[in-house]
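Student: I am new to this structure and would like to learn how to read its features. Could you take me through them slowly, with the general idea before each case?

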Amino acid sequence: VDTIVFDKTGTLTEGRPSVVDSLIHGDRGDTLALIAAVEAKSEHPLAKAVVAFAADNVSNSPPQGGRSTVENFMAVAGRGVFATVDGHHVIAGTQSLLKESGIDTSPVDAAATKWAADGRTVVFAAIDGKAAAAFAIADTLRANAGTIVQSLKQRGLRIVMLSGDRKATAEAIARQAGVDEVIAEVLPAGKVEAIKSLQSGGRHVAMVGDGLNDAPALAQADIGIAMASGTDIAAEAASVTLMRNDLAGVEQAIVLARKTMRTMKQNLFWAFVYNVVGIPVAAGVLYPAFGILLSPILASAAMAFSSVSVVTNSLRLRGVKLS
């Protein structure tokens, strides 16, 4: 592996997003109630953050959509959700999703741009064809993300971050983590294409992710690494599953793999040299000139020693420091 691609949410970040700011048009209670009713049907972490915000801020917001009738619900992977709530058509998701639906997002664009520059993920919402709200969602960077990224770079690895967020948001998070290369505004299928693009350039790619949307990219990568907190599908698609929800495991896996390969090559080299020297001697190549023969007992002892030396060299891996 010479390139590591990190998913952002739940991988470089903690995966526990929360709403830290909002801009809401119209009646605050009614608007939040309608949006929360739709988002409650989604399993996306950002949707859950909006539902939690509504539940904490408005008493009549149904956290599970229980007091509202939600019909025609539809989720667009990586982009947002549509539904009809009590006769109102509600959309919540990315800015591009709203614009493609013919909705003018200008009433909330200024706030969204500012939030994105601060590294916030922005969820837009519209009711009955008009922009109704925007939510700034923060997801804390893992405490050791910057340290691990820097350490991996020092080991000669190329680091790339993938995100479905707006470019400004993704770049702000990448700066905090020390990641120089960012591919933003990608859908789940776009993640696979990003991996394929790196591979077509001759790179050997490890993909680190945790979510359902990451599974295809984990499967496409030369090595897929799933976080401990990831979905079952992500773990199934990955080659490696970390047993702790700690990015240090990514570096440890790579260090151990590299040292294991080095040990295997050492074992093959010395076994080859040993046999190149030992077999001719055992066959009597030195007898005509020097009268030297190798007895079967010594030959057996020598072969046993060869095996012991290989195993002993391999056991040195037990003492390897992985960080």
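Tutor: Let us begin with burial: a residue is called buried under 20% relative accessible area, exposed over 50%, and partly exposed in between, with a 1.4 Å probe and protein chains only. The model is a predicted one, in which local features need pLDDT of at least 70, side-chain atom pairs count only at pLDDT 80 or more, and totals for chains, interfaces and linings use all residues. Residues are numbered from 1 along each chain as its sequence is written, and side-chain values use heavy atoms, with hydrogens and water left out.

Student: Is K8 buried or exposed?

Tutor: K8 is buried, with a relative accessible area of 3%, and D165 is buried as well, at 9%.

Student: What joins the side chains of K8 and D165?

Tutor: A salt bridge is a side-chain nitrogen of Lys or Arg within 4 Å of a carboxyl oxygen of Asp or Glu, and here K8 and D165 form one at 3.0 Å, N to O. Helices (H or I, at least four residues) and strands (E, at least two) are DSSP runs numbered from the N terminus. K8 lies in helix α1 (residues 8–12) and D165 in the loop between β8 (158–162) and α7 (167–177), so the pair ties together parts that are 157 residues apart in sequence.

Student: Which residue forms a salt bridge with D214?

Tutor: The partner of D214 is K191, and their closest N and O atoms are 2.7 Å apart. Because D214 lies in the loop between β10 and α9 (215–220) and K191 in helix α8 (residues 188–200), the pair ties together parts that are 23 residues apart in sequence. Salt bridges that share partners join D7, K191 and D214 into one network. D214 counts as buried at 2% relative accessibility, and K191 is buried at 7%.

Student: In what order do the strands of the open sheet lie?

Tutor: Two strands pair if DSSP finds at least two bridges between them. In this model six strands form an open sheet, with parallel pairing, in the order β9-β8-β1-β10-β11-β12. β9 (181–183) and β12 (240–241) stand at the edges with a single partner strand each, so one side of each is left without a neighbour in the sheet. Between the parallel strands β1 (residues 3–7) and β10 (residues 205–209) there are four bridges, and the bridge partner of F6 in β10 is V208.
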